[in-house]
2 protein chains.
Amino acid sequence: MELWYTEYQTRNLGLTARIKATLFSGQSDYQEVAVVDSHEFGRMLVLDGVFQTSVFDEFIYHEMIAHVPLFAHPDPKTVLVIGGGDGGTIREVVKHQSVEVAEMVEIDGLVVDVSKKYLPEISQALNENHPKLRLKIGDGIKHMQEVENKYDVIIVDCSDPIGPGEGLFTHAFYQNVHRALKPDGLFVQQTESPFYHQELIRRLYQDITSLFPVTRLYLASIPLYPGGLHCFTIGSKQYDPAEVDVTGIPETLGTRYYNREIQKSCFALPAFVQELLK
Amino acid sequence: MELWYTEYQTRNLGLTARIKATLFSGQSDYQEVAVVDSHEFGRMLVLDGVFQTSVFDEFIYHEMIAHVPLFAHPDPKTVLVIGGGDGGTIREVVKHQSVEVAEMVEIDGLVVDVSKKYLPEISQALNENHPKLRLKIGDGIKHMQEVENKYDVIIVDCSDPIGPGEGLFTHAFYQNVHRALKPDGLFVQQTESPFYHQELIRRLYQDITSLFPVTRLYLASIPLYPGGLHCFTIGSKQYDPAEVDVTGIPETLGTRYYNREIQKSCFALPAFVQELLK
């Protein structure tokens, strides 16, 4: 018997993967949480039926959401990750020597527990004894309403803008992010596919531009996500992430996608994406 | 009733698209040729069950296979396209003012006929009266054995390395390409997905490096193809396509993906692709 799982990425398009086994399936207070083992992508985290990350390609998303903004800041000491329950982003954040405190606020404790058990390669830094980590299970939106002038870098590692992630894609949230950042801070958010979510990207880009003097969109190729091309948007109070002096970036990060050339080239946008942001 | 067509990109992975109608289906001497109309990608050419191109995203492949090598050459006058029966590559080639003759050798006349009828946006330059075009229905491999010192740029716009395209991925073919090029000529070939065809890419890169002083691989994001990331390999006798002075590139090409920044950034390779070529 062959098991295939299909994620309908749009109403009219699906990615279908042959599955070896379902390792976990359960319902949290927020969403349906599953881990499946696939032939092509290895173990995958699936939330509300949507592929979130896989052992095969997770390095791309996690390296790109963490290192691009962190190397855009000259000395990030205090970093916050909102979401990111699988731990992959934190794993990359704590590689930075300058980082003293890596806070993480994830709404769904079940995602953390399941990732620790079934995705140890990804979740390895989610260890209570990790000297830099402050892990809190809680509401990232609420947390953002309560802090001020605290973070050098904020990373919004959220799921799609439906379900628990919805409130993370609003102007009100970005105002709180702005207040929570130090005067030279910056933040990044995953902002979906430039092929299939153009209206969303345009709106977020405008919202962020209305609050931050520097707004930049960058791209990474992620086979698990719709269209294989994913974008991230940075709002920055001072530093321009597209103008980083890459000679200062160490070549010993152990990354498999990110490198000095990518730090520059990820900001080079195809004509249709440039058009989208006008 | 909902119709879905699934292309199995690997043994364990499929892309499934909702279909409005099958516009054409037939068997040529070489392959099964079909045109389907899909909700997400519009009309698509399908050869032996594999999605070749779509009205939605064809601009990316055709702009990137044509403009990157053509702008790497300072004065391309005589250009050959092998394959490319849908006409999209020729459409981009003839945009170059320097190009005087654009030859095309496509093995399958049915692909040309079907593209003219069902994909006019793509095939628009495949017009018998086009002043630059020399279209020949014939075997590109045989043609390469018969010419010498003729072309400035050769574009190998082939399908996958199984079926009629197989002989286009061999060392013997590259030797003939080398001989067919002028002393400062260069060629490009589509060379599949860096996620799913790593052994092929490595072998071709070595083959081309053994014949050409300059070998470069570049990338483009194409949602219709496996992993959404596609690579192209250039063998060049003299010019380095990664070192083009992009200020000379006109901004009036009407491209939707390619631009000056992309001409540079497409050669910036993720760490795992760099590793592959070592």
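A pocket is an open set of grid points with protein on both sides within 12 Å along at least five of seven lines. The model used in these exercises is predicted.

**Exercise 1. Describe the second largest pocket: its volume, its lining and the parts of the chain that supply the lining.**

Solution. 
Step 1. Start with the volume, which is about 690 Å³ for the second largest pocket.
Step 2. Turn to the lining, which consists of 42 residues. Closest to the centre of this pocket are B:Gln52, B:Cys158, B:Ser159, B:Asp160 and B:Gln190.
Step 3. In chain B they are the strands β1 (3-10), β4 (42-47), β5 (50-54), β6 (78-83) and β7 (101-106), and the helices α1 (58-72) and α5 (140-146). The most comes from β5(B), with 4 residues.
Step 4. Sort the lining of the second largest pocket by class: 19 residues are nonpolar, 16 polar and 7 charged.
Step 5. Check the domains. Domain 1 (3-52) and domain 2 (58-276) of chain B each give at least three residues to the lining of this pocket.

**Exercise 2. Describe the largest pocket by the steps used above.**

Solution. 
Step 1. The space in the largest pocket comes to about 810 Å³.
Step 2. Its lining has 44 residues, and A:Gln52, A:Cys158, A:Ser159, A:Asp160 and A:Gln190 lie nearest the centre.
Step 3. Elements of chain A that give two or more residues to this lining include β1 (3-10), β4 (42-47) and α1 (58-70). With 4 residues, β5(A) has the largest share.
Step 4. The classes in the lining of the largest pocket are 20 nonpolar, 16 polar and 8 charged residues.
Step 5. At least three lining residues come from domain 1 (3-54) of chain A, and at least three from domain 2 (58-276) of chain A.

**Exercise 3. How many cavities of 30 Å³ or more does the whole structure have, and what lines them?**

Solution. 
Step 1. Count the cavities: the search finds 2.
Step 2. Take the largest cavity, with a volume of about 290 Å³. It is lined by 20 residues, and nearest its centre are A:Ser221, A:Tyr257, A:Ser265, B:Ser221 and B:Ser265. Two or more lining residues come from each of β11 (214-221) and α8 (260-265) of chain A, and from each of β11 (214-221) and α8 (260-265) of chain B.
Step 3. Sort the lining of the largest cavity by class: 16 residues are nonpolar, 4 are polar and none is charged.
Step 4. Take the second largest cavity, with a volume of about 120 Å³. Of its 18 lining residues, A:Leu15, A:Pro223, B:Leu15, B:Pro223 and B:Gly228 lie nearest the centre. Strand β2 (13-27) of chain A and strand β2 (13-27) of chain B each supply at least two residues of this lining.
Step 5. The classes in the lining of the second largest cavity are 12 nonpolar, 6 polar and no charged residues.

**Exercise 4. Is B:Leu15 buried or exposed, and is B:Glu251 buried or exposed?**

Solution. 
Step 1. Locate B:Leu15 in strand β2 of chain B.
Step 2. Apply the cut-off: a residue under 20% relative accessible area counts as buried. B:Leu15 has 6%, so it is buried.
Step 3. List its contacts. B:Leu15 touches residues of chain A, namely A:Leu13, A:Gly14 and A:Leu15, and residues of chain B, among them B:Phe41, B:Phe51 and B:Pro223.
Step 4. Locate B:Glu251 in the loop between β12 (229-236) and α8 of chain B.
Step 5. Exposed means over 50%. B:Glu251 has a relative accessible area of 66%, so it is exposed.

**Exercise 5. Where around the axis of helix α6(A) do its buried residues lie?**

Solution. 
Step 1. List the buried residues of α6 (residues 171-180) of chain A: A:Phe173, A:Tyr174, A:Asn176, A:Val177 and A:Ala180.
Step 2. Consider the arc. These residues cover only 160° around the axis, so they are on the same side of α6(A).
Step 3. Name the packing partners. The buried residues of α6(A) pack against β6, α5, β9 (151-157), β10 (181-190) and α7 (198-209) of chain A.

Notes:
Residues are numbered from 1 along each chain as its sequence is written. Chains are lettered from A and ligands numbered from 1 in the order in which they are written. This is a predicted model: local features need pLDDT of at least 70, side-chain atom pairs count only at pLDDT 80 or more; totals for chains, interfaces and linings use all residues. Side-chain values use heavy atoms; hydrogens and water are left out. On a 1 Å grid over the protein atoms alone, a cavity is a set of points where a 1.4 Å probe fits but cannot get out, and a pocket is an open set with protein on both sides within 12 Å along at least five of seven lines; lining residues have an atom within 4 Å of a point. Grid points are joined across faces, edges and corners, and a volume is the space filled by probe spheres set on the points. Ala, Val, Leu, Ile, Met, Phe, Trp, Tyr, Cys and Pro count as nonpolar, Asp, Glu, Lys and Arg as charged, and the others, Gly among them, as polar. Domain bounds come from an automatic or database domain assignment. Buried means under 20% relative accessible area, exposed over 50%, partly exposed in between (1.4 Å probe, protein chains only). The arc is that of the directions from the helix axis to the C-beta atoms. Contact means heavy atoms within 4.5 Å. Lists of a residue's contacts leave out its neighbours within four places in sequence.
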